[in-house]
Structure formats: C-alpha cells, structure tokens
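Student: Could you walk me through how to read this one?
Tutor: Gladly; have a look first, and then we will take it feature by feature.

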Amino acid sequence: MAATVRLQREPFDAASEAEKLRRGRSDVGAVVTFTGICRGDEAGAPLLAMTLEHYPDMAEAEIARHVAAAERRWPLLGIAVIHRYGRLQPGEDIVLVVTAAAHRQDAFAAAEFLMDYLKTRAPFWKQIEVAGDGRTDKIWVKAKRSDDALADRWTPSSRRPAAE
Amino acid sequence: MKLRYFAWVRERIGKPEEEVDPPAGVATIADLVTWLSQRGEEYARAFENPRVIRAAIDRAHVRSDAAISGAREIAFFPPMTGG
C-alpha cells in the first residue's frame, strides 16, 4: 500500500497529494483529505507567527509507526502525511493527512486516528509570536489535555499505560 | 551517550545537545534526570517539574522507568504540540 510520509519547510499541495492516491485506481471509493492550518489567534490574542521546532530523525520514524498502525487497523488503499516545520504565518498550512479506502468509514476513521496521534506523539513543538507591550513575546504552546483524551479513545482503557 | 534537548528544555539548559558519561548508578531515565539536575542551575530549572518532561531513547518514546544502558541517543523535551 502506498504510504507517503514527508517533513518539509515548503508548503504542500493537498489536492495534488490526494490525487496521487486515487490516480488510475478503480478500487478507491473514498479519499479523506485533512489540512491543519495556522490560525491567526491563540487564546484570544493575535498571532504574528508560529515556529515549529522538530526532532528530525525521530519525527519521520514516529509518523511512519502511526501510519503502519493505521494500515494494520483499517483496510486502507493509500496514506499520505506531510508535516511542515519552520516559521509559518497565520493562514499557512501546517499538516496534511490523506487517507484512501474502498469505503468512507475507514478513510474517515484512519484520518482522525492519525491526526489524534500527530497531536500527541509526533515530536514537534510550536512557539508562537504575539504582540506584547511594544515588543513581541515568544511563547511555547502548551500541550492540551483534550488532545491526550482524543488520542486515548483509540486504545481500550485496559491497554493504556498507567499515568505517570 | 548523546543527549538532545528540544523546545524550552533546550532553552533552559542553553544547548541543543551534548555528550555525557553518567556513573554506573544512573540506570533509568528518572535517574538520569536527577543526575542532570545536579549539574547546574540551568539543568535544575529545565527539570524542575520532572512529570512534565518526556524522553525518547534512540528515537522512540520511553517512560521514566526505562533503562538507559546501551542507549546511543537520549532526548528530553516537553509534551509535544505537533499536528
């Protein structure tokens, strides 16, 4: 099964990546394309820019592990995950997840699964720039408990590691 | 072994990576955090709340009780905010 995992600074073309997963195939009945976007505000304050730091060697391996997990769990016909890093402006794309399957339930579920894990286990860290008093403040975005809860949905509670 | 630091852990310690040679008694990630905290103010500050620190050994997530023997690269970082 075709699986693309890429980390890059440059913008990606979501439509083009989705098209690659269905091109020339008659078995793909569903393609789900999710794009995560840099918003222009964080907790009510205008955001000037967002910088994504990452652990390069681990990020690709970790995303690939989750792609493999998605393949084992759902009958997918194609997956693409592209995650950008570096300094981004509001309105720019951050992450792309595309899943292709015969039927929509599998494509939707796998895309959501991958996003929930990207939010909690992919080694990226966001730092945002917001306007302070006559200066720019750089703030590390805090991980959300709600993201951990979303990721936990995919693991039965009996198999979840004990909280630290 | 090589240690790598990311995000505000890196900022507080003041460097992105270093080579260390911990003594034999330092067996787990938790032990390593304790040992590092004693190396200086900047380390103590970075690890002041160990429960918030995440670790990876050879590019895979591990828990704080993971054994460090044989590790080539250990990374410390805050909870992730990718995606």
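Tutor: Let's start where the chains meet: 17 residues of chain B are in contact with 23 residues of chain A, contact being C-beta atoms, placed from the backbone, within 7 Å. This is a predicted model, where local features need pLDDT of at least 70, side-chain atom pairs count only at pLDDT 80 or more, and totals for chains, interfaces and linings use all residues. Residues are numbered from 1 along each chain as its sequence is written, while chains are lettered from A and ligands numbered from 1 in the order in which they are written.

Student: What is the strand order of the open sheet in chain B?
Tutor: Strands pair if DSSP finds at least two bridges between them. The five strands of chain B run in the order 2-1-5-3-4, with mixed pairing. Strand 2 (17-19) and strand 4 (60-62) of chain B are the edges, each pairing on one side only. Strand 1 (residues 2-5) of chain B runs antiparallel to strand 2 of chain B, joined by three bridges; Leu3(B), for instance, has Glu18(B) as its bridge partner in strand 2 of chain B.

Student: And how many helices and strands does chain A have?
Tutor: Four helices and nine strands, running β-α-β-β-β-α-β-β-β-α-β-β-α from the N terminus.

Student: What should I look for in a core?
Tutor: In soluble globular proteins, nonpolar side chains tend to be buried together. A nonpolar core is a set of buried Ala, Val, Leu, Ile, Met, Phe, Trp, Tyr and Cys residues joined through C-beta atoms within 7 Å; buried means 20 or more other C-beta atoms within 10 Å of the residue's own, with C-beta atoms placed from the backbone. The largest core has 56 residues, and Val81(A), Leu114(A) and Ala75(B) have the most contacts inside it. Helix 3 (residues 104-121) of chain A gives the most to this core, with eight residues.

Student: Which residues does Val81(A) touch, leaving aside those up to four places away in sequence?
Tutor: Among them are Val5(A), Ile63(A) and Leu114(A).

Definitions and conventions. Two residues are in contact if their C-beta atoms, placed from the backbone, lie within 7 Å. Helices (H or I, at least four residues) and strands (E, at least two) are DSSP runs, numbered from the N terminus. A residue is buried if 20 or more other C-beta atoms lie within 10 Å of its own, exposed if 12 or fewer, and partly exposed in between; C-beta atoms are placed from the backbone.
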